[in-house]
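Reader: I am new to this structure. Could you show me how to read it, feature by feature?

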Amino acid sequence: MRASAIHRVSTLAVGVGLTVSATISVAAPASAAAITCQTTGGDLYVTATSAPVRTTYYETGRVIDTVHRADRLYFTQWCKNSKGNLWYWVDKTYGVKDGWIYSGNVARI
């Protein structure tokens, strides 16, 4: 039904004392994207001016350290979160606190 027709029907219904209700439903996806992780290691360097190291592999994770352009990092695992974003688990090899760093802020060596 077109919006103008719905408006006319609802105006008519209100005029005769009827209640008009509408139901809007939004289809949810069948399943959320899967989280994929792999244990592997390698070196990274920071490409961003500065980048946070977080407690989780989501941007909502608490920041526990900050690294800067050209810093070298060592990762021991990577994960793609449910949003499809790639994150690396970096360890203390080069002095950074253990945590997750977003792949958009680093490059693999």
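## Reading the features

Author: Start with ring pairs. This is a predicted model, and five aromatic pairs are counted in it.

Reader: How is a pair of aromatic rings described?

Author: A pair of rings is described by two things: the distance of the centres and the angle of the planes. Take Phe75 and Tyr88. Their ring centres are 4.7 Å apart and their planes stand at 55 degrees, so this pair is tilted.

Reader: Which parts of the chain does the pair of Phe75 and Tyr88 tie together?

Author: Phe75 is in strand β4 (residues 72–80) and Tyr88 is in strand β5, so the pair ties together parts 13 residues apart in sequence.

Reader: Are Phe75 and Tyr88 buried or exposed?

Author: Phe75 is buried, and Tyr88 is buried too.

Reader: Which residues do ring pairs link into a cluster?

Author: Tyr57, Tyr58, Trp89 and Trp100 are linked into a cluster by ring pairs.

Reader: Let me step back to the whole chain. How many helices and strands are there?

Author: The chain has one helix and seven strands. Along the sequence, the pattern reads α-β-β-β-β-β-β-β.

Reader: How many residues are in the chain, and what share is buried?

Author: The chain has 109 residues, and 25% of them are buried. Look at contacts as well. Among those with a separation of 6 or more, 53% are between residues 24 or more positions apart.

Reader: Now the core. What do nonpolar side chains tend to do in soluble globular proteins?

Author: In such proteins, nonpolar side chains tend to be buried together. Here, the largest nonpolar core has 14 residues. Leu44, Val67, Leu73, Tyr88, Val90, Ile101 and Val106 touch the most other members.

Reader: Which strands each supply at least two residues of this core?

Author: β1 (36–46), β2 (50–54), β4 and β5 each supply at least two. β4 gives the most, with three residues.

Reader: Why does Arg72 count as partly exposed?

Author: Because its relative accessibility is 40%.

Reader: Which side chain of opposite charge is nearest to Arg54?

Author: That is Glu59, 5.8 Å away. Arg54, in strand β2, is buried yet has no salt bridge. Its side chain has other partners. One is the backbone oxygen of Glu59, reached at 3.0 Å. Another is the backbone oxygen of Gly61, 2.7 Å from a polar atom of the Arg54 side chain. Not counting residues up to four places away in sequence, Arg54 touches residues including Arg62, Val63, Trp87 and Trp100.

Reader: And Asp91: where does Asp91 lie?

Author: Asp91 lies in the loop between β5 (86–90) and β6 (99–102). Asp91 is buried yet has no salt bridge. The nearest side chain of opposite charge is Lys92, 9.4 Å away. A polar contact of 2.6 Å joins the side chains of Asp91 and Thr93. Beyond neighbours within four places in sequence, Asp91 is in contact with Tyr74, Thr76, Val96 and Asp98.

Reader: Where does Ala70 lie, and why does Ala70 count as exposed?

Author: Ala70 is in the loop between β3 (63–68) and β4. Ala70 counts as exposed because its relative accessibility is 59%.

Key:
Residues are numbered from 1 along each chain as its sequence is written. This is a predicted model: local features need pLDDT of at least 70, side-chain atom pairs count only at pLDDT 80 or more; totals for chains, interfaces and linings use all residues. Side-chain values use heavy atoms; hydrogens and water are left out. Helices (H or I, at least four residues) and strands (E, at least two) are DSSP runs, numbered from the N terminus. Buried means under 20% relative accessible area, exposed over 50%, partly exposed in between (1.4 Å probe, protein chains only). Lys and Arg count as positive and Asp and Glu as negative; His and the chain ends are not counted. A salt bridge is a side-chain nitrogen of Lys or Arg within 4 Å of a carboxyl oxygen of Asp or Glu. A polar contact is a pair of N or O atoms within 3.5 Å; within protein, one must be able to donate a hydrogen and the other to accept it, and residues adjacent in sequence count only if both atoms are side-chain atoms. Contact means heavy atoms within 4.5 Å. Rings of Phe, Tyr and Trp (its six-membered ring) pair if their centres lie within 6.5 Å; planes under 30 degrees apart count as stacked, over 60 as edge-to-face and the rest as tilted. A nonpolar core is a set of buried Ala, Val, Leu, Ile, Met, Phe, Trp, Tyr and Cys residues joined through side-chain atoms within 4.5 Å.
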